[in-house]
Amino acid sequence: MSSNLIKVALIGNPNVGKTSVFNELTGLNQQVGNYPGITVEKKQGVCKLSDSVKAKIIDLPGTYSLNASSIDENVVIELLLNKNDEDFPNVAVVVTEVENLKRNLLLFTQIKDLEIPTILVINMADRMQLKGIELNIPILEKELKTKIALVSSRKKIGIENLKNLILNYETLSTEPCLHASSIDPDYFNNLRRAFPNQLLYKLWLVITQDVNFLNLDRNEIKSSFTKSHADLKRLQQKETIKRYQFINDTLKIGQKIDVSKASDIRAKIDRILTHKIFGYVIFFGILMLIFQFLFDWSSIPMDFIDETFANFSSLAKQNLPAGEFTNLISEGIIPGIGGIVIFIPQIAFLFLFISVLEESGYMSRVVFLMDKIMRRFGLSGKSIVPLISGTACAIPAIMGARNIENWKERLITILVTPFTTCSARLPVYAILISLIIPEKRVLGFLSLQGLTLMTLYLLGFGMAIFSAFILNKYLKLNCKSYFVVEMPSYKIPMFKNVGINVLEKTRAFVTGAGKIILALSIILWYLGSHGLSDDFNNAEKNVVAELQSKNIKLNPSLIEDKVNAYKLENSYIGYMGKTIEPVIKPLGYDWKIGVAVVSSFAAREVFVGTLATIYSVGSHSDEETTIKNRMAAEVHPITGNKVFNFATGISLLLFYAFAMQCISTLAIVKKETNSWKWPIVQLVFMSGFAYLTALIAYQVLK
Ligand code: GDP
């Protein structure tokens with residue numbers, strides 16, 4: 001063995017079980033990152049082959065052929081053509097599956113033409129008997145000039161054999177199974193003469209594909225060997241036909257299929273699941289179930305996490321020496337970490353469901369079903385899952401957009417998902433609605449407050465769809481979208497695949513967006529608990545003095561509430577609230593609401609808590625009614641009008657419906673789009689739009 005580390009590229013069509021093979025080979029020894037500069041996921045892992053030899057497995061994005069029609073496919077071609085790339089493989093492992101061998105082998109023959117040692121994995125061997133498929137492996141190996149590993153990653157069969165083949169990759173033939181040059185011998189001979197040191201098939205790819213090749217001047221080759229676009233297309237078609245002829249001939253002698261077993265109940269199930277009516281009914285039923293989980297059942301672990309971190313905070317406060325450092329830990333860092341951990345149950349649940357839907361083969365039917373509708377708005381059939389799960393929380397929902405292959409559709413989904421009403425908006429809506437909408441019934445049974453809440457949900461959803469429509473029109477992104485939905489056969493999900501997926505998504509959230517959330521939480525804590533002026537530093541003295549001068553006697557806990565309110569008013573955030581007062585006045589807000597708006601940037605639900613502090617209602621009395629009563633009683637110091645009147649209330653509701661008031665969402669958008677550009681665009685656009693609608697609403701209603 002020449003090296004102790006063998007580099008292996010795992011290549012295959014989507015849905016052949018490539019991820020399952022990767023998981024079998026690497027277990028939890030995997031890393032997920034991004035290819036530099038683009039948003040394609042880069043997965044790699046390590047597999048022990050023998051005592052002294054390891055393999056570095058690079059899981060390349062699923063691709064149908066070596067025609068660069070998407071960023072994903074570009075990644076594959078660019079790696080396989082660039083010998084100088086640090087990941088350039090010693091051996092390529094092409095994964096196929098028994099039921100779609102014919103189509104899967106197209107990619108295999110292309111890879112073979114690159115003259116890289118190649119192993120063919122035929123996966124899902126466990127389905128051969130059921131489908132009446134027989135394979136003559138020695139004949140296939142001979143015809144395809146390769147070694148074959150017949151594998152069932154589900155039953156964990158054939159993996160050892162595959163490892164062995166990788167270990168002995170040097171004995172593999174690098175001979176192509178068919179020469180592309182035969183499609184036009186004259187043209188290719190000239191090409192060979194002009195570039196004697198280059199691989200012919202590589203030159204052909206340089207001419208026909210729109211990809212970057214280092215160490216080759218693409219223009220030079222193209223200019224001297226140019227053909228008309230139509231001619232090139234004709235040659236490419238000829239190439240594909242030749243490949244399929246070769247594959248057909250090979251399978252004729254190497255594969256036997258008992259047709260009587262090939263027909264199955266799958267078609268019947270498909271007919272129901274993609275039915276014009278039942279299809280939607282079933283899908284929305286499943287969505288309801290997911291929604292139920294995300295919304296209701298994940299609240300149990302979330303409450304637990306919330307409580308645990310609150311306990312940690314008070315423990316730290318009690319046990320550490322009083323001072324700035326302790327405050328930082330108990331009020332900044334611990335709640336900041338809590339603010340990350342609290343999302344884990346929802347993320348885990350959502351990905352559990354998404355993985356199961358994908359693994360079972362159902363997701364492809366959903367895409368087929370929803371695609372027609374969603375495509376009109378520049379979204380994909382798969383966007384429906386993020387949009388709906390955004391009602392629980394935008395964080396897992398935006399991560400859920402990962403399985404949308406087309407980058408433009410994925411980006412639009414990421415950008416519009418925060419418009420759907422998430423659960424953090426609920427406490428804000430609840431208190432505002434109870435303040436400004438009377439407890440009346442319309443038509444005898446419909447609650448007016450309930451209707452208002454529903455209208456807000458519909459507004460959010462409508463706005464998401466509308467902005468998608470606009471973005472689709474004006475976003476200039478060159479993403480060719482071919483609508484190919486694969487209809488894989490139905491399968492029971494593999495526990496290992498689901499588990500690894502959930503784990504990996506959770507880890508990506510904690511390490512990616514988590515850092516930003518923590519940092520911003522600490523900054524907001526600092527701004528809310530520090531101030532420059534003497535007023536801030538002498539808060540306690542001033543409050544006591546004021547109470548004494550007015551001859552008011554309060555118990556210590558109420559005094560503490562007043563001190564906290566006074567401190568918040570004179571903190572940096574208090575200043576910010578006062579500074580933005582002229583800007584938010586036209587919306588009907590005073591500086592106190594301004595403070596709540598600024599601090600609720602950490603998370604929308606903080607709005608209510610901040611107002612509670614400002615109005616100095618603590619945890620000493622029945623909090624909810626007290627905040628509500630205080631808000632209801634609050635009057636403007638000069639005009640004497642109610643602060644939370646109908647116009648201000650509607651203005652606030654609209655502001656919270658549309659504004660991007662959530663640092664965690666910004667953090668996850670940064671992570672998922674790999675740049676600050678999109679979260680900033682989102683922040684500016686959403687906040688701008690929220691401001692405008694709130695302004696119009698207040699000015700019209702006041
Ligand atoms: P990828 O798209 O190529 O990465 O494919 P996945 O690894 O996600 O697998 C696609 C589907 O095939 C999933 O439903 C897997 O559970 C299923 N699958 C993977 N390997 C096997 C196998 O060996 N046998 C069977 N019956 N199903 C498999």
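For residue classes, Ala, Val, Leu, Ile, Met, Phe, Trp, Tyr, Cys and Pro count as nonpolar, Asp, Glu, Lys and Arg as charged, and the others, Gly among them, as polar. By these classes, the shell around the ligand holds four nonpolar, nine polar and six charged residues. The structure is a predicted model, in which local features need pLDDT of at least 70 and side-chain atom pairs count only at pLDDT 80 or more, while totals for chains, interfaces and linings use all residues. Residues are numbered from 1 along each chain as its sequence is written, and side-chain values use heavy atoms, with hydrogens and water left out.

**Overall architecture**

- The protein has 34 helices and 11 strands, where helices (H or I, at least four residues) and strands (E, at least two) are DSSP runs numbered from the N terminus.
- Along the principal axes, the C-alpha atoms fill a box of roughly 100 × 60 × 50 Å.
- Of the 702 residues, 51% count as buried; buried means under 20% relative accessible area, exposed over 50%, and partly exposed in between (1.4 Å probe, protein chains only).
- The protein exposes about 32800 Å², of which carbon and sulfur atoms supply 60%; accessible areas come from the Shrake-Rupley method with a 1.4 Å probe, and for residues only the protein chains shown count as cover.
- Among contacts (heavy atoms within 4.5 Å) with a separation of 6 or more, residues 24 or more positions apart account for 74%.

**Ligand site**

- The ligand is surrounded by 19 residues, the closest being K18, T19, S20, D126 and E359; a residue is near a molecule or strand if one of its heavy atoms lies within 4 Å of it.
- Helix α1 (residues 18-26) gives the most to this shell, with three residues.
- A polar contact is a pair of N or O atoms within 3.5 Å; within protein, one must be able to donate a hydrogen and the other to accept it, and residues adjacent in sequence count only if both atoms are side-chain atoms.
- Oxygen atoms of the ligand lie 2.3 Å from a polar backbone atom of E359, 2.8 Å from a backbone N or O atom of N15, and 3.5 Å from an N or O atom in the side chain of S152.
- Of the 570 Å² of accessible area that the ligand has on its own, the protein covers 90%.

**Helix α20**

- Helix α20 (residues 407-416) is largely enclosed by the rest of the structure, because 10 of its 10 residues are buried.
- The buried residues of α20 include the charged K408, E409 and R410.
- N406 caps the N-terminal end of α20, with a side-chain oxygen 2.9 Å from the backbone nitrogen of K408.

**E141 in helix α5**

- E141 lies in helix α5 (residues 137-144) and is buried, with a relative accessible area of 19%.
- The side chain of E141 reaches the backbone nitrogen of I148 at 2.8 Å.
- Not counting residues up to four places away in sequence, E141 touches T146, K147 and I148.

**Cysteines**

- The count of disulfides (pairs of cysteine sulfur atoms within 2.5 Å) comes to zero.
- C422 is in no disulfide, and the nearest cysteine sulfur, that of C393, is 6.5 Å away.
- C422 is buried at a relative accessible area of 7%, and C47 counts as buried at 1%.

**Positive phi values**

- Most residues other than glycine have a negative phi.
- E115, in the loop between α3 (101-113) and β6 (118-123), has a positive phi near 60° and is partly exposed at 38% relative accessible area.
- M124, in the loop between β6 and α4 (128-131), has a positive phi near 65° and counts as buried at 10% relative accessibility.
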